[in-house]
Amino acid sequence: LVEVSLNYRGKNLRFTALYDTGNELRDPVTGEGVLVVSETIARKLTGLPGEALADPVQSIALLPGLRLIPYKTVGNAGFLLAMRISDARIGDRKGSVIVAFSPQNLGRNYQGLTGGMLG
């Protein structure tokens, strides 16, 4: 587990992410690893309702800077809404990160999933 801090438009959110060594989710444009956050964190950070997170293709125009991140899991594929957050800290790493918004909550002890960007 790693501590995460995201600062966006005057909001500072602190939460715990699971460092998943198998998480290879990357932004197809930049090749950067992506931090996935739970629905609860996504709503607090962006103000987007759960319905928007669940329908990313239709919701991409709701906020400036949103993009789509394609994902594939066992038995499922689709897109997640995402955006770059320039003021972030994941563990000891500080700087800019691409944050993807899950339409669901993730786990009891963590609200994010990180992987490739820390490896």
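User: How many helices and strands are in the protein chain?
Analyst: The protein chain of this predicted model contains three helices and seven strands.

User: In what order do the elements run from the N terminus?
Analyst: The order is β-β-β-α-α-α-β-β-β-β. With a radius of gyration of 13 Å, close to the 14 Å that the globule rule gives for 119 residues, the chain is as compact as a globular protein of that length.

User: What does the C-alpha trace span along its principal axes?
Analyst: The span is about 35 × 35 × 30 Å.

User: What percentage of the residues count as buried?
Analyst: Of the 119 residues, 41% count as buried. The chain exposes about 6400 Å², and carbon and sulfur atoms supply 49% of that area.

User: And the contacts: what share joins residues at least 24 apart?
Analyst: That share is 57%, counted among contacts between residues at least 6 apart in sequence.

User: Changing topic, how much space lies in the largest pocket?
Analyst: The largest pocket holds about 370 Å³ of space.

User: Which residues of its lining lie nearest the centre?
Analyst: Val36, Tyr71, Thr73, Leu80 and Leu113 lie nearest the centre, out of 15 lining residues.

User: Which element gives the largest share of that lining?
Analyst: Strand β4 does, with three residues. Both β4 (67-73) and β5 (76-90) supply at least two lining residues each.

User: How does the lining divide into nonpolar, polar and charged residues?
Analyst: Seven of the lining residues are nonpolar, six are polar and two are charged.

Methods
Residues are numbered from 1 along each chain as its sequence is written. This is a predicted model: local features need pLDDT of at least 70, side-chain atom pairs count only at pLDDT 80 or more; totals for chains, interfaces and linings use all residues. Side-chain values use heavy atoms; hydrogens and water are left out. On a 1 Å grid over the protein atoms alone, a cavity is a set of points where a 1.4 Å probe fits but cannot get out, and a pocket is an open set with protein on both sides within 12 Å along at least five of seven lines; lining residues have an atom within 4 Å of a point. Grid points are joined across faces, edges and corners, and a volume is the space filled by probe spheres set on the points. Helices (H or I, at least four residues) and strands (E, at least two) are DSSP runs, numbered from the N terminus. Ala, Val, Leu, Ile, Met, Phe, Trp, Tyr, Cys and Pro count as nonpolar, Asp, Glu, Lys and Arg as charged, and the others, Gly among them, as polar. The radius of gyration is taken over C-alpha atoms; the globule rule is 2.2 Å times the number of residues to the power 0.38. Buried means under 20% relative accessible area, exposed over 50%, partly exposed in between (1.4 Å probe, protein chains only). Contact means heavy atoms within 4.5 Å. Accessible areas come from the Shrake-Rupley method with a 1.4 Å probe; for residues, only the protein chains shown count as cover.
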